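Morning, everyone. I have one structure to walk you through today. Please bring it up on your screens.

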Amino acid sequence: MSRSVANAETNNLKFLLKSLHLGGINPQRGACLGERFADEVNQAAWGQTMSELAERSGGRLIVELGLRRYPIVVASEGDSLREFVRERFPAPERTALVVADANVRELGEAVRRELEAAGLRGQVVEVPAGEGSKSLEQASRLWDILAESRADRRTVVVAVGGGVVGDLAGFAAATYARGLALLMVPTTLLAMVDSSVGGKVGINHPRAKNLLGSFHQPAGVWIDPACLRTLPEREFRSGLAEVVKYGVILDPEFFGWLEAHGDRVVEREGEALRTVIARCCALKAGVVAADEREETGLRAILNFGHTIGHAIESVMGYERGMLHGEAVSIGMVRECRLAERIGWVDGGVTARLEALLKRLGLPTAMPDLPRDGLWAAMGRDKKNVAGVVRFVLPRALGRMEATGNVPAALLESMLEPGP
Ligand SMILES: NC(=O)c1ccc[n+]([C@@H]2O[C@H](COP(=O)([O-])OP(=O)(O)OC[C@H]3O[C@@H](n4cnc5c(N)ncnc54)[C@H](O)[C@@H]3O)[C@@H](O)[C@H]2O)c1
Ligand SMILES: [Zn+2]
């Protein structure tokens, strides 16, 4: 038995774009699922350069969450963070706590100066770089600093860094005084296209990753693609796996665009990066607006490639071996092949996916890992219902469905090492 994730909708993108506020279109709240906007939004969303799109939308995307709605800015040269801060946090006497990891400390200082220019006094707190900082120890340190500096509801927590800093600082913001305002300033590609949008914040527990956390939407997301200049090559490419994922799950046109312009992206050409980031943020914003707390099942489409990907990561260990995006890249190929074997897509889809990932410099071959470890990890997947491993798989590019009906022998064959 399979169940359509997007219920009656067959085209995920069309469904999502109706809930987007993009390209200068201003759907009334409540009308966002109305048919009449669909064509207009689709037309606005693609087929034009990012600068044209930005011009029409005032340079920003809106995550439509009613009272918690917030803007995402993909900044171009000349855009001013201090203006954005003034607009988002207008009340007087505000303070800020900027959290940055050791590798982006200088960016943290630069952000602090912008905040000060906007009237927000504050300090930069540095945490060690790496997954290990998503810990109770670091969260506790942030709570202490907030308490010592007499933080209150006018304090803004600002996360400058990758997903680690965003998740940690966001967790501190969500828990301190029942919730402080949060500003996300992502500096890795993964954080720009994924973790800084959507409100999931948290830390790790010794027994499981991201076990302690909350939903706490930011008040704004400020993305400056120029930050990516210093990002190590492997981290950058790892982020591209999530980018490709958006193409598969929601947006065949974007997938085609990546096939045509992948080289520009790999070279980190400015306009290509802005197109990629804005497009992915728009898609994620649409998913989040439609399923903020992962309740309807729609948000689960973001998990494509992650059932097998997470299993690879957990067996290899999070601190070494493979980066998240690398494991997801392999996971996507294997899960697409699984969709092929159950007759949902033809081999051409898997071949295109594999070729694109390779061109972007991502691994696609399954490493030789203990099968029992992989099974145990998949058994803990959060999509599972009553112990059954569930997958979200493509029916075609841009059309996903969930299934809990994959024969064990077939799944076992997907875990075999090799290309
Ligand atoms: N909240 C969510 O929705 C969500 C979604 C996906 C992933 N995540 C989480 O995100 C984390 C991974 O995020 P990540 O991949 O960004 O890792 P990360 O934050 O560890 O950053 C990767 C590395 O790049 C360095 N770095 C960051 N920006 C840099 C820059 N501009 N120049 C040079 N170096 C820079 C960091 O110091 C770090 O060493 C995981 O903990 C994962 O669970 C959260
Ligand atoms: Zn991921």
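Let's start at one residue. Cys-280 sits in helix α11, which runs over residues 270-290. Is Cys-280 buried or exposed? The cut-off for buried is 20 or more other C-beta atoms within 10 Å. Cys-280 has 25 of them, so Cys-280 is buried. Which residues does Cys-280 touch, if we skip the neighbours within four places in sequence? They are Val-193, Val-243 and Tyr-246. Take Tyr-246. Along the chain, Tyr-246 and Cys-280 are 34 residues apart.

Before going on, a word of caution. This is a predicted model. The average pLDDT of the protein is 87, and 85% of the residues score at least 70. Two stretches need care. Over residues 1-10, pLDDT stays under 50. The model has 20 contacts beyond four places in sequence for that stretch. Residues 18-56 also stay under 50, and here the model has 57 such contacts.

Now the overall picture. The protein has 419 residues, and 51% of them are buried. It contains 16 helices and 12 strands. Take the contacts with a separation of 6 or more: 73% of them join residues 24 or more positions apart.

Helix α9 covers residues 233-250, and helix α10 covers residues 252-266. They pack with their axes 9 Å apart, at an angle of about 155°. How are α9 and α10 oriented to each other? An angle over 145 degrees counts as roughly antiparallel, so α9 and α10 are roughly antiparallel to each other. From α9, the contact uses Leu-240, Val-244, Tyr-246, Gly-247 and Val-248. From α10 come Phe-254, Phe-255, Leu-258 and Val-265. By class, that contact has eight nonpolar residues, one polar and no charged.

Next, a strand. Ile-203 is in β8, residues 200-205. With 24 other C-beta atoms within 10 Å, Ile-203 is buried. What does Ile-203 contact beyond its neighbours within four places in sequence? Among its partners are Lys-134, Ser-135, Leu-136 and Ala-139. The list also includes Asp-167, Leu-168, Phe-171, Leu-212 and Gly-213. Ser-135 is 68 residues away along the chain, yet the two C-alpha atoms are separated by 5.5 Å.

Now to two loop residues. Glu-93 lies in the loop between α4 (81-88) and β4 (95-101). Its phi is positive, about 60°, although Glu-93 is not a glycine. Glu-93 has 9 other C-beta atoms within 10 Å, so Glu-93 is exposed. Arg-150 lies in the loop between α6 (136-148) and β6 (155-161). Arg-150 has a positive phi too, near 50°, and is likewise a residue other than glycine. With 8 other C-beta atoms within 10 Å, Arg-150 is exposed.

Last stop: the ligand. How many residues surround ligand 1? The count is 27. The closest are Asn-103, Gly-162, Gly-163, Thr-188 and Ser-195. Two helices, α7 (163-175) and α8 (189-195), each supply at least two residues of this shell. What is the shell made of, by class? Eight residues are nonpolar, 12 are polar and seven are charged.

Notes. Residues numbered from 1 in each chain as written. Chains lettered and ligands numbered in written order. Predicted model: local features only at pLDDT ≥ 70, side-chain atom pairs only at ≥ 80, totals over all residues. Near = placed C-beta within 6 Å. Helix = DSSP H or I, 4+ residues; strand = E, 2+ residues; numbered from the N terminus. Nonpolar A, V, L, I, M, F, W, Y, C, P; charged D, E, K, R; others polar. pLDDT = per-residue confidence, 0-100. Contact = placed C-beta atoms within 7 Å. Buried ≥ 20, exposed ≤ 12 C-beta atoms within 10 Å, placed from the backbone. Axes fitted to C-alpha atoms, helices over the stretch in contact; angles between N-to-C directions. Parallel < 35°, antiparallel > 145°, perpendicular 65-115°, else oblique.
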